[in-house]
Amino acid sequence: MATSPNSPTLRSWIDISPSSDFPIQNLPFGVFKTEERGTRLGVAIGGYVLDLYAASQYGFFEDLTELGAAQPKVFRRSSLNAFLRLGRPAWRAVRQRVSELLRHDASELRDHEEAVRACLIRQTEVQMLRPVKPANYTDFYSSIEHATNVGSMFRDPANALLPNWRHLPIGYHGRTSSIVVSGTNIKRPNGQRKAPDEAAPTFGLSHQLDFELEMAFVVGTGTTLGSTVPIGQAEEHIFGLCLFNDWSARDLQSWEYVPLGPFLGKNFGSSVAPWVVTLDALEPFRIAGPVQEPTPLPYLAHGGAHNFDIHLEVALTPAQGPETTISRTNFGFMYWSMAQQLTHHASNGCNLEVGDLYASGTISGPTPDSLGSMLELAWRGTRPVPLADGSERTFLLDGDTVIMRGYAEKEGIRIGFGEVRGTVVE
Ligand code: CA
């Protein structure tokens, strides 16, 4: 029987630092570009990208019947979408084969010098692209700590959660056109805002630009309009997860959001990390979520472990200055699981599409240093966040770079997500 790509005993013949996000047990998928090769799908391994198109051309995937006639061209696309459409057996077969090619005792690729040169490129030599062409984007609001904090600040600490919050995963439909890959600058948006003590609204640059630490999952298997997804099958629709920064202009948001919800305070930009870590690679990191009280309605009820223990960090680097880590939290805190989000989303018959991005909502933990937005860290401007250069922040300044990182770790194996970064510009 083939060794599971998740086996902690696997090693690669490629030299990989123990602190790397991309050991042989991870093998996340992404899309890269070089002048010479054009746009291709790749898998991250240590400091390298394995070029799936080149590997396919060298015949390494020849016997993978799951790929059928789709290869090699499916690996020379500008997004993962066509590959995702091949379905889970194909995703699994490719990850399994890549694992077999890279393991320390496999010589097929290792001893083929020309193929090694063609298939492995240093990550520093490629440009990473947006991993999927998002078909649709939905943003949830599933951290009870975040929802409680925001409710306390904007409404009433005694009744921070609205009556529906514990009964369904709240969400809204966002916009895909402004989802950009990590490294893309974020232009400070203009908009209409009115503080409670101002008589009339004004229009201008946002003074309360913020980040939101989120994880997004990528839908790999869609549904047809009118059909639903039983909670027990929800995870079968998920390909993988990536880091996500849902940039937010709080002054625009707080004025415009009543009664229909987020709009221009949100859709000027969201940043997505280039690497999608498969749900398969995250299997060892399953944990139970928080106890849900009251028990959700039957269509949303699931026992067992549907959260994932993923350590998350946010760092801020001013234009001239060192990096400061300003938040450390965990994806395992989420009140509503991805399975519940997906099943709820499809429960009215709304169809899921391949390439859909569903973001978790801001991920905050229970302590003041585990909050996932500047709004909460600085408590609406009342407790400025100190930075290593001696300055402080209540919201983001031009030139600030926000970097989010995440990894799951167990038995010395670190399954990392790389990073999503973006710099605020005028
Ligand atoms: Ca959000």
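## The loop that holds P294

P294 sits in the loop between β18 (286-287) and β19 (307-308). This is a predicted model. In it, the peptide bond from E293 to P294 is cis. Its omega is near 5°.

## The cis bond at P259

Which residues does the other cis bond described here join? V258 and P259 are joined by a cis peptide bond. Omega is about 0° for this bond.

Where is P259 placed? P259 belongs to the loop between α6 (250-256) and β16 (270-272).

## L27: a positive phi

Now to the backbone angle phi. Most residues other than glycine have a negative phi. L27 is not a glycine, yet its phi is positive, near 55°. L27 is found in the segment before β1 (29-34).

Is L27 buried or exposed? Its relative accessibility is 1%. Buried means under 20% relative accessible area, so L27 counts as buried.

## W379: a positive phi

W379 also has a positive phi, near 45°, and is a residue other than glycine. W379 lies in the loop between α8 (374-377) and β23 (385-386).

How does W379 count by accessibility? The relative accessible area of W379 is 28%.

Note on methods. Residues are numbered from 1 along each chain as its sequence is written. This is a predicted model: local features need pLDDT of at least 70, side-chain atom pairs count only at pLDDT 80 or more; totals for chains, interfaces and linings use all residues. Side-chain values use heavy atoms; hydrogens and water are left out. Helices (H or I, at least four residues) and strands (E, at least two) are DSSP runs, numbered from the N terminus. Buried means under 20% relative accessible area, exposed over 50%, partly exposed in between (1.4 Å probe, protein chains only).
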